[in-house]
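Here are my notes on this model. Please keep the structure open while you read, and find each residue as it comes up.

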Amino acid sequence: MDLTLATRTVGDRTVVEVGGEIDVYTAPQLRSQLNDAVADGARHIVVDMTGTDFLDSTGLGVLVGGLKRVRTMDGDLELVCSSEKILKVFRITGLTKVFTIHSSLDEALASSAGDGRADSGGSAG
């Protein structure tokens with residue numbers, strides 16, 4: 001039930017690094033972190049799940065809620081995930097069609113640097 005969260009700004013992106021497990025016990029912390037980022041003006045958020053070991057339906061709900069929130073403000077929320085186990089959760093739930101998922105943070109940041117965030121292909125699919 002360990003969860004680590006860190007937020008930093010890279011260019012016009014807010015990167016939320018998530019480590020550990022996102023489950024019913026820890027998901028409220030992630031929700032709070034995302035809400036705080038949006039309250040602080042973040043509109044383009046990258047959730048870096050490279051260090052995430054586990055993700056359950058509560059965590060998925062938090063990520064979908066965060067995406068909905070920033071989209072109402074013409075923003076976006078993209079994910080970084082290279083874990084096959086977690087990518088499988090997104091595939092099974094069909095959320096690979098909802099989220100843009102990158103295999104690395106560099107890829108996520110590069111996708112927005114030159115083209116105005118036009119990459120919406122869900123590259124991890």
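The points below go from the whole chain down to single residues.

1. **Ground rules.** This is a predicted model, in which local features need pLDDT of at least 70 and side-chain atom pairs count only at pLDDT 80 or more, while totals for chains, interfaces and linings use all residues. Residues are numbered from 1 along each chain as its sequence is written, and side-chain values use heavy atoms, with hydrogens and water left out.

2. **Overall layout.** The protein chain has four helices and five strands. Their order along the sequence is β-β-α-β-α-β-α-β-α. Helices (H or I, at least four residues) and strands (E, at least two) are DSSP runs, numbered from the N terminus.

3. The protein chain has 125 residues, and 45% of them count as buried. Buried means under 20% relative accessible area, exposed means over 50%, and partly exposed lies in between (1.4 Å probe, protein chains only). Contact means heavy atoms within 4.5 Å. Take the contacts in the protein chain with a separation of 6 or more: 63% of them join residues 24 or more positions apart.

4. **Helix α1.** Ala-27, Leu-30, Leu-34, Ala-37 and Val-38 of α1 are buried. Seen down the axis, these buried residues fall within an arc of 100°, so they line one face of the helix. The arc is that of the directions from the helix axis to the C-beta atoms. Their cover includes β1 (3–10), β2, β3, α2 and β4. Just after α1, Gly-41 has a positive phi of about 105°.

5. **Helix α3.** Which residues of α3 (residues 84–93) are buried? They are Ile-86, Leu-87 and Phe-90. These residues cover an arc of only 100° around the axis, which puts them on the same side of α3. Lys-85 and Ile-92, on the other side of α3, are exposed. The buried residues pack against β3 (44–55), α2 (57–71), β4 (76–80) and β5 (101–102).

6. **The cores.** A nonpolar core is a set of buried Ala, Val, Leu, Ile, Met, Phe, Trp, Tyr and Cys residues joined through side-chain atoms within 4.5 Å. The largest has 28 residues, of which Ile-45 and Phe-90 touch the most other members. At least two residues of this core come from each of β2 (13–22), α1 (27–39), β3, α2, β4 and α3. Apart from it lies another core of six residues, including Val-46, Val-80, Ala-108 and Leu-109.

7. **Ile-45 and Val-70.** Val-70 sits in helix α2 and is buried, at 0% relative accessibility. Its C-alpha atom is 8.2 Å from that of Ile-45, 25 residues away along the chain. Beyond four places in sequence, the contacts of Ile-45 include Leu-34, Val-38, Val-70 and Leu-77. Counted in that way, Val-70 touches residues including Val-38, Ala-42, Ile-45 and Leu-77.

8. **The aromatic pair.** How many aromatic pairs does a search of the whole structure find? The search finds one. The rings of Phe-90 and Phe-99 have centres 6.0 Å apart and planes at 80°, so the pair is edge-to-face. Rings of Phe, Tyr and Trp (its six-membered ring) pair if their centres lie within 6.5 Å; planes under 30 degrees apart count as stacked, over 60 as edge-to-face and the rest as tilted. Both Phe-90 and Phe-99 are buried.

9. **Buried polar side chains.** Arg-13 lies in strand β2 and is buried, with a relative accessible area of 1%. Its side chain makes a polar contact of 3.4 Å with that of Asp-76. A polar contact is a pair of N or O atoms within 3.5 Å; within protein, one must be able to donate a hydrogen and the other to accept it, and residues adjacent in sequence count only if both atoms are side-chain atoms. His-102, in strand β5, is buried at 0% relative accessible area. Its side chain joins those of Glu-78, at 2.8 Å, and Glu-107, at 3.2 Å, through polar contacts.

10. Most residues other than glycine have a negative phi. Asp-74 is not a glycine, yet it has a positive phi of about 60°. Asp-74 lies in the loop between α2 and β4 and is exposed, with a relative accessible area of 70%.
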